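Visitor: I have a structure open and would like to talk it through. Could you guide me, one topic at a time?

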Amino acid sequence: IEVKPAEHTEPLPPNIAESARRLWREGQPRRALALLYRASVEAMVVRAGTHLPPGATEAECLRVARRMPEADDRSVFQQMVRIWQYAAYGQRMPDETDFEAMLQSLIQRFGWRA
């Protein structure tokens, strides 16, 4: 298992869904989930009409997410945070079916290209 620190300063790719799927297929599920988490946080901040301080924790993100007007957006964001926490801190990766289901929910709610 190769572990690399996450680069939070690199810009998000233009096609988040395709990039996440590629990372997943290449055997890099943690990086795929990290990308989805970062992109979800960015989408949440826009929808909530606010900003986060650098290094905001997942708990801070969840508090800010309450400002999103759509309940379904809040729910999908909460699910993404939970999946990310299981992967990042518990080393429990979703299976491919759950990964794809989460990705489809994010695509639908945040308008990402499939």
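**A buried aspartate and its surroundings**

Guide: Asp 73 is buried, with a relative accessible area of 1%. Please keep in mind that this is a predicted model.

Visitor: Where is Asp 73 found?

Guide: Asp 73 belongs to helix α4, which covers residues 71-90.

Visitor: And which residues does Asp 73 touch?

Guide: Leaving aside residues up to four places away in sequence, Asp 73 touches Arg 47, Met 68, Arg 109 and Phe 110. With Arg 109 there is also a polar contact between the two side chains, at 2.7 Å.

Visitor: What else links Arg 109 and Asp 73?

Guide: Arg 109 and Asp 73 form a salt bridge, their closest N and O atoms being 2.7 Å apart. This pair links distant parts of the chain, since Arg 109 lies in helix α5 and Asp 73 in helix α4, 36 residues apart. As a general point, side chains of opposite charge can pair when their charged atoms come close.

Visitor: Which other residue meets Arg 109 in a salt bridge?

Guide: Asp 72 does, with an N to O distance of 3.8 Å. Here too distant parts of the chain are linked: Arg 109 is in helix α5 (residues 96-110) and Asp 72 in helix α4, 37 residues apart.

Visitor: Which residues are linked in the network of salt bridges?

Guide: The network links Arg 47, Asp 72, Asp 73 and Arg 109.

Visitor: How many salt bridges does a search of the whole structure find?

Guide: The search finds six salt bridges. One of them joins Glu 26 and Arg 22, with the closest N and O atoms 3.5 Å apart. Glu 26 is partly exposed at 45% relative accessibility, and Arg 22 is partly exposed at 36%.

Visitor: Let us change topic. At what angle do the axes of α3 and α4 cross?

Guide: The axes of helix α3 (residues 58-65) and α4 cross at roughly 175 degrees and come within 10 Å. An angle over 145 degrees counts as roughly antiparallel, so α3 is roughly antiparallel to α4.

Visitor: Which residues in α3 meet α4?

Guide: From α3, the residues are Glu 58, Cys 61, Leu 62 and Ala 65. Their partners in α4 include Phe 77, Val 81 and Trp 84. By class, this contact has seven nonpolar, two polar and two charged residues.

Visitor: Now for α1. How many of its residues are buried?

Guide: Seven of the 10 residues of helix α1 (residues 16-25) are buried, so α1 is largely enclosed by the rest of the structure. Among the buried residues are Ile 16, Leu 23 and Trp 24. The buried residues of α1 pack against α2 (29-48) and α5.

Visitor: Which residue has a positive phi although it is not a glycine?

Guide: Gln 91 does, with a phi of about 50 degrees. Most residues other than glycine have a negative phi. Gln 91 is in the loop between α4 and α5, and it is exposed, with a relative accessible area of 59%.

Methods. Residues numbered from 1 in each chain as written. Predicted model: local features only at pLDDT ≥ 70, side-chain atom pairs only at ≥ 80, totals over all residues. Heavy atoms only, no water. Helix = DSSP H or I, 4+ residues; strand = E, 2+ residues; numbered from the N terminus. Buried < 20%, exposed > 50% of the residue type's maximum accessible area, 1.4 Å probe, protein only. Polar contact = N/O pair within 3.5 Å; in protein donor to acceptor, adjacent residues only side chain to side chain. Contact = heavy atoms within 4.5 Å. Axes fitted to C-alpha atoms, helices over the stretch in contact; angles between N-to-C directions. Parallel < 35°, antiparallel > 145°, perpendicular 65-115°, else oblique. Nonpolar A, V, L, I, M, F, W, Y, C, P; charged D, E, K, R; others polar. Salt bridge = Lys/Arg side-chain N within 4 Å of Asp/Glu carboxyl O.
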